[in-house]
Structures are given as C-alpha cells and as structure tokens.
Amino acid sequence: MIRGSTELVAIVGSPIAQVKSPENFNAWFGQQNQDRAMIAIDLAPDALEEFIATLRGWRNLRGCVVTVPYKQQLAEWLEHLSPRAAALHSVNVIRREADGSLSGDNVDGEGFIKAAARQGFVPGGRTALVIGSGGVGSAIAYSMAEAGIAQLTVVDASRQRADSLAGILRDDFPGLSISTHYETLAGFDLVVNASPVGMGDSEELPLPPAQLDTLSPATLVADVVTRPEITPLLAAARRRGCRIQTGAEMAIAQLGNLGAYLGVTPLDI
Ligand code: NAD
C-alpha cells in the first residue's frame with residue numbers, strides 16, 4: 001500500500017503499460033517489508049523538460065528507471081553521467097542527489113553481464129559478437145569492454161550505427177580489438193542478438209541461417225528479446241548443443257543494478 005510516508009521510485013517511458021519493473025520491484029519491496037513503491041509514468045514528449053525540473057524537487061521520489069523512447073533525450077539534461085552513459089548518450093536510470101542534482105547511468109550492459117556470469121561466462125580475455133548497435137547492443141558492448149573482453153565484433157543492419165559504436169569503443173578502449181564484420185561464428189565465445197529480430201511470432205533470425213552451421217557448441221548464445229522467451233536464434237543454438245541465455249534472464253539480473261543505483265535494493269536481488 002502507498003502511504004504518506006512511502007518512498008517512491010518510478011519508471012518513465014511511453015507507452016508504459018507493458019513494463020514489468022513495477023511488479024518486480026513492488027513484489028520485492030513487499031517481501032522485504034519496505035515502505036517503498038515503484039510507480040509507472042507514461043510521459044508525453046512535450047512534458048519531458050518539465051518532468052526533469054519536477055524530479056529535482058520531488059523529495060519523496062528518489063529517482064526513476066528510464067525506458068523507450070527517452071533514454072537518449074533524458075541523458076541530455078542531467079548534471080552527472082557515468083562514463084558509459086556519457087559515451088553512449090543514453091541513460092536507463094536517474095537518481096536525485098542530496099543537493100537536488102541528477103545523476104544518470106546505463107546499466108543494461110551490467111545486467112547482461114550479470115546474467116552471463118550465471119551461465120559461467122566471464123568477459124575477461126574472451127571474444128564476442130554483438131548483433132545490433134542500438135541502445136541495448138551499445139550498452140552491452142561498452143560494458144563488456146569495461147569488463148576486459150579481448151575482441152568484440154559489432155554489427156548492425158545500419159552500417160553507420162555499427163561504425164559509430166566501433167568508433168566510440170576504439171576511442172575509449174584502445175587496447176581492445178574491434179571489428180564490424182564477420183565471416184563465421186566459429187571462434188566466438190559469446191554471440192548476442194541485441195536487435196529486436198525474433199520478437200513475437202516472426203520466426204526471423206538476426207543472421208543468415210547458413211551461419212548457424214558454423215556455431216560451435218562451446219559458444220554461449222544470448223538474446224535480449226523477451227517475447228518469445230526462446231527466440232528462433234535461441235532454439236537453433238540449443239539444437240546445436242549451445243548454452244543459451246534469454247532476454248528475461250537479463251531483465252531479472254538487471255533489477256539489482258537498477259535498484260542499487262537508486263539506493264533501494266542490494267546489487268544482487
Ligand atoms: P534500438 O532500436 O535502439 O536498436 C535496435 C538495433 O537493431 C538498430 O540499430 C537496428 O538497426 C538493429 N537491427 C534491426 N534488425 C537487425 C538485423 N537483422 N541485424 C542487425 N541489426 C539489426 O532498440 P534497443 O533499445 O536496443 O532494443 C533492442 C531490443 O532489446 C528490443 O527488442 C527490446 O525490447 C530489447 N530489450 C531487452 C531488455 C532486456 O532486459 N532483456 C532490455 C532493454 C531492451
């Protein structure tokens with residue numbers, strides 16, 4: 001129950017009815033007997049600037065998770081950005097500091113890495129292919145670079161997006177080997193679909209089907225798409241004997257990263 005004393009956090013985006021964070025956080029707050037609650041805010045684009053001004057003075061709202069389509073726009077108006085949020089011009093969590101200033105980070109990649117660690121994958125010294133260089137793909141690639149991956153291949157249907165991400169990674173991680181094309185999946189320790197391909201009933205793969213023949217059973221294959229849980233890519237990888245990681249696993253793993261940044265949960269929940 002929300003009381004006068006309840007400390008609030010929010011998730012902001014548009015549309016918002018589909019998000020799972022409120023039920024996940026509120027269930028956890030309830031189990032922990034905490035006087036906290038998450039509310040969902042469906043914000044119109046022309047209200048963004050006023051929302052940021054309100055956030056600075058909204059004393060019982062500690063901060064908010066940010067979802068599509070505002071991750072880039074809201075990053076422009078914050079006083080403090082983490083190095084990865086600044087490099088990617090994107091935030092998925094904002095908190096108000098004691099002096100009323102706002103700080104932002106993007107923990108999509110941290111959530112992905114935590115889920116991969118649960119599959120036994122540690123980035124240090126490994127090789128990975130990230131398909132999709134949009135918001136989530138960029139965050140995953142950047143966090144893997146921060147975590148010491150040795151070689152990263154980033155590709156996108158838009159060549160310009162992949163090149164732009166590769167440029168950011170080359171600037172910030174000069175020791176990292178970066179490529180924007182691949183001939184075979186052999187040799188990758190991790191293959192991630194970070195594009196929306198495979199959502200719903202599409203049955204689409206984010207790579208040419210013949211490439212699947214080059215996939216080694218030793219590779220961890222991950223998808224960020226949450227519906228269906230087992231995407232066509234994950235189903236094909238499982239048939240080849242690969243370990244798989246679902247989009248839902250990434251979303252669940254990331255709850256603690258979001259909550260810890262907001263100061264309302266431990267890092268691992
Ligand atoms: P985005 O629009 O920012 O980026 C998607 C990118 O995929 C674009 O750059 C696009 O050009 C590229 N793309 C499309 N088709 C492609 C193809 N066939 N091959 C290569 N690249 C292709 O979107 P986003 O915010 O990065 O979200 C991507 C997906 O991640 C969505 O399905 C979203 O629902 C999901 N998501 C999952 C989680 C999670 O926790 N599991 C979190 C956030 C987002």
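1. Helix 5 (residues 108-118) is largely enclosed by the rest of the structure, because nine of its 11 residues are buried. A residue is called buried if 20 or more other C-beta atoms, placed from the backbone, lie within 10 Å of its own. Helices here are DSSP runs of H or I with at least four residues, strands are runs of E with at least two, and both are numbered from the N terminus. The buried residues of helix 5 are D108, G109, E110, G111, F112, I113, K114, A115 and A116.

2. Some points on the source. This is a predicted model, in which local features need pLDDT of at least 70, side-chain atom pairs count only at pLDDT 80 or more, and totals for chains, interfaces and linings use all residues. Residues are numbered from 1 along each chain as its sequence is written.

3. What covers helix 5? The cover over its buried residues includes helix 6 (135-146), helix 9 (247-262), strand 10 (190-193), strand 11 (220-223) and strand 12 (243-245). Just after helix 5, G120 has a positive phi of about 90 degrees.

4. The largest nonpolar core has 70 residues, and V130, A141 and V192 have the most contacts inside it. Such a core is a set of buried Ala, Val, Leu, Ile, Met, Phe, Trp, Tyr and Cys residues joined through C-beta atoms within 7 Å. Helix 6 gives the most to this core, with seven residues. The core lies between domain 1 (7-106) and domain 2 (109-247), because both give residues to it. The domain bounds come from an automatic or database domain assignment.

5. V192 is in contact with A128, L129, V130, I131, I140 and A222, leaving aside neighbours within four places in sequence. Contact requires that the C-beta atoms of two residues, placed from the backbone, lie within 7 Å.

6. L55 is found in helix 2 (residues 48-57). Why does L55 count as buried? L55 is buried because 22 other C-beta atoms lie within 10 Å. Not counting residues up to four places away in sequence, L55 touches L61, R96 and L102. The C-alpha atoms of L55 and I94 are separated by 9.6 Å, although the two are 39 residues apart along the chain.

7. Around the ligand there are 26 residues, of which G134, G135, V136, S195 and G247 come nearest. The shell divides into 13 nonpolar, 10 polar and three charged residues. Ala, Val, Leu, Ile, Met, Phe, Trp, Tyr, Cys and Pro count as nonpolar, Asp, Glu, Lys and Arg as charged, and the others, Gly among them, as polar.

Technical notes. Buried ≥ 20, exposed ≤ 12 C-beta atoms within 10 Å, placed from the backbone. Near = placed C-beta within 6 Å.
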